[in-house]
Amino acid sequence: MKRTRIVDAIKMTQFGETVNVKGWVRTKRGNKEVNFIALNDGSTINNIQIVADVVKFEEELLKSITTGACLSVTGKLVKSEGAGQAVEIQADEIQIYGLADNTYPLQKKGHTMEFLRGIAHLRPRTNTFGAVLRIRHNMAIAIHQFFHQKGFFYWHSPIITASDCEGAGQMFQVTTQNLYDLKKDENGSIKYDDDFFGKQTSLTVSGQLEGELGATALGAIYTFGPTFRAENSNTPRHLAEFWMIEPEVAFIDLPELMDLEEEFIKFCVNWALENCMDDLTFLNNMIDKGLIERLKSVVATEFVRLPYTEGIKILEEAIAKGKKFEFPVYWGCDLASEHERFLVEEHFQKPVIMINYPKEIKAFYMKQNEDGKTVQGTDVLFPQIGEIIGGSVREESYDKLMERITELNIPMKDMWWYLDTRKYGSCPHAGFGLGFERLMLFVTGMQNIRDVIPFPRTPKTADF
Ligand code: 4AD
Ligand code: MG
């Protein structure tokens, strides 16, 4: 008999009809006459209740069904008399696909997030991770939907690259060299001639540079793929492997870039509210009581647009009034997360798009302002999260870009192709990168970035 997904079965009203469902046992309870099995197949946060009359089944079979076991159940769909569900299934046939003995780590009781990280291969079977992972899927769909309907093309930047987009040197190397027997030249430098690509290569930290090639040909593109950073940041907001969405658009300026950033985030958050309400309600009840309110308020609020210099003034005024920060604040400093969160959560109580940063703290490709000191970078700062987007207008002048590259001593031998965009038909353009897992943190209310991706990679952890 054809299987009905539980998400569909619980909405059916054809009582008396025979249906088949398959899934994993969440709980089983019962008495001498009847067993109640809560079955979940991952299609929804909701379980379906299976009612098994003891007389209809072998005692041994019912006894062997425990939390975690996988079943196929055929039976009559009936209106439920019990609280908490509209329908249940009166089982006629139960087939056991796989048993789960009492060593199954996900018994009924609540577990800490730390414990669940240690069993990341099984945690998708919990309510919380089921909810988070269904939302993750929906966010990915929202992203494609948003850009597709705006006429952006999905663009695939390479994952293996020979350039360091952010210039921070936090790259994982890619090599087929025998690390126990590295060939070196007379100066002691590694010889890459015999390596797979014949040069030093790494996993990309950002698809932006190649994305700019797309934008300056197709007009507007977006990437959506994995990126890698070998930064030793052990925080609840950093991963070594994370997914990034990087739109890049020709012919837009700073205000239009900010409009795009704001519209994009609001679209994604609204998508969650419209498509993931069951899962959001669960997370709102179990993880973060303010979640749904916060999501609604972000969709309804206009983001603040704040020049860096004004932001520093606000922080200095707060300090003068007695506010304490761990890190110092002065014009030119790179804002710490505590500063960003003060502006967003306490001062404005709204998301903030900060712009016009000192050029020293931003990447080489950002468009320089007339003042000679600042660049047209934009960071979108969010409650709870801090930086969720980093973007900028790009420097389109060949000479100014070259000047910056020279100042910063950036090795250009592998970047000639990037400079060609400024040499041939250069145009104003801008783009940004949204950290997918940072968006996921915001949308789910989860506290740790390790819990919004199926298999987190962080310093000293690459299990599963
Ligand atoms: O600010 P970032 O470094 O900007 C870039 O990479 C630009 N090339 C983007 C562009 O303009 N196309 O990173 C962009 C975003 C951050 O705002 C943050 O949300 C996320 O990527 N991010 C991380 N997320 C998780 N773990 C990390 N280690 C992250 N580093 C950055
Ligand atoms: Mg950044």
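This is a predicted model: local features need pLDDT of at least 70, side-chain atom pairs count only at pLDDT 80 or more; totals for chains, interfaces and linings use all residues.

Biologist: Fine. How much of the protein chain is buried?
Modeller: Buried residues account for 51% of the 464 residues in the protein chain.

Biologist: What box do the C-alpha atoms fill?
Modeller: Roughly 85 × 60 × 45 Å, taken along the principal axes.

Biologist: How many helices and strands?
Modeller: The protein chain has 13 helices and 16 strands.

Biologist: What share of the contacts comes from residues 24 or more positions apart?
Modeller: They make up 67% of the contacts with a separation of 6 or more.

Biologist: On to the ligand. How many residues surround ligand 1?
Modeller: There are 25. The closest are E166, Q208, R229, E246 and E387.

Biologist: What classes are they?
Modeller: The shell around ligand 1 has nine nonpolar, eight polar and eight charged residues.

Biologist: Which strands supply at least two residues of that shell?
Modeller: β11 (241–250), β15 (386–393) and β16 (429–435) each do. The largest share comes from β15, with five residues.

Biologist: Give me some polar distances. What sits 2.9 Å from an oxygen atom of ligand 1?
Modeller: An N or O atom in the side chain of R394. A polar backbone atom of G435 is 3.2 Å from an oxygen atom of ligand 1. For L239, a backbone N or O atom lies 3.0 Å from a nitrogen atom of the ligand.

Biologist: How much of the ligand's accessible area does the protein cover?
Modeller: The protein covers 93% of it. On its own, ligand 1 has 630 Å² of accessible area.

Biologist: Now the sheet. What's the strand order?
Modeller: It's an open sheet of eight strands, in the order β6-β10-β11-β16-β15-β14-β13-β12. The pairing is mixed.

Biologist: Why is one side of β6 and of β12 left without a neighbour in the sheet?
Modeller: β6 (153–154) and β12 (304–307) stand at the edges. Each has a single partner strand, so one side of each has no neighbour in the sheet.

Biologist: How many bridges join β13 to β14?
Modeller: Six, and the two strands run antiparallel. β13 spans residues 352–358. I355 stands opposite T378 in β14.

Biologist: And how do β14 and β15 pair?
Modeller: In the antiparallel sense, over six bridges. L381 has E387 in β15 as its bridge partner. E387 is also among the residues closest to ligand 1.

Biologist: What lies between β14 and β15?
Modeller: Three residues, and the two strands form a hairpin. In the turn, Q384 has a positive phi of about 70°.

Biologist: Last one. Over how many bridges do β15 and β16 pair?
Modeller: Five, again in the antiparallel sense. There, S392 has G431 in β16 as its bridge partner.

Definitions and conventions. Residues are numbered from 1 along each chain as its sequence is written. Chains are lettered from A and ligands numbered from 1 in the order in which they are written. Side-chain values use heavy atoms; hydrogens and water are left out. A residue is near a molecule or strand if one of its heavy atoms lies within 4 Å of it. A polar contact is a pair of N or O atoms within 3.5 Å; within protein, one must be able to donate a hydrogen and the other to accept it, and residues adjacent in sequence count only if both atoms are side-chain atoms. Accessible areas come from the Shrake-Rupley method with a 1.4 Å probe; for residues, only the protein chains shown count as cover. Helices (H or I, at least four residues) and strands (E, at least two) are DSSP runs, numbered from the N terminus. Ala, Val, Leu, Ile, Met, Phe, Trp, Tyr, Cys and Pro count as nonpolar, Asp, Glu, Lys and Arg as charged, and the others, Gly among them, as polar. Buried means under 20% relative accessible area, exposed over 50%, partly exposed in between (1.4 Å probe, protein chains only). Contact means heavy atoms within 4.5 Å. Two strands pair if DSSP finds at least two bridges between them.
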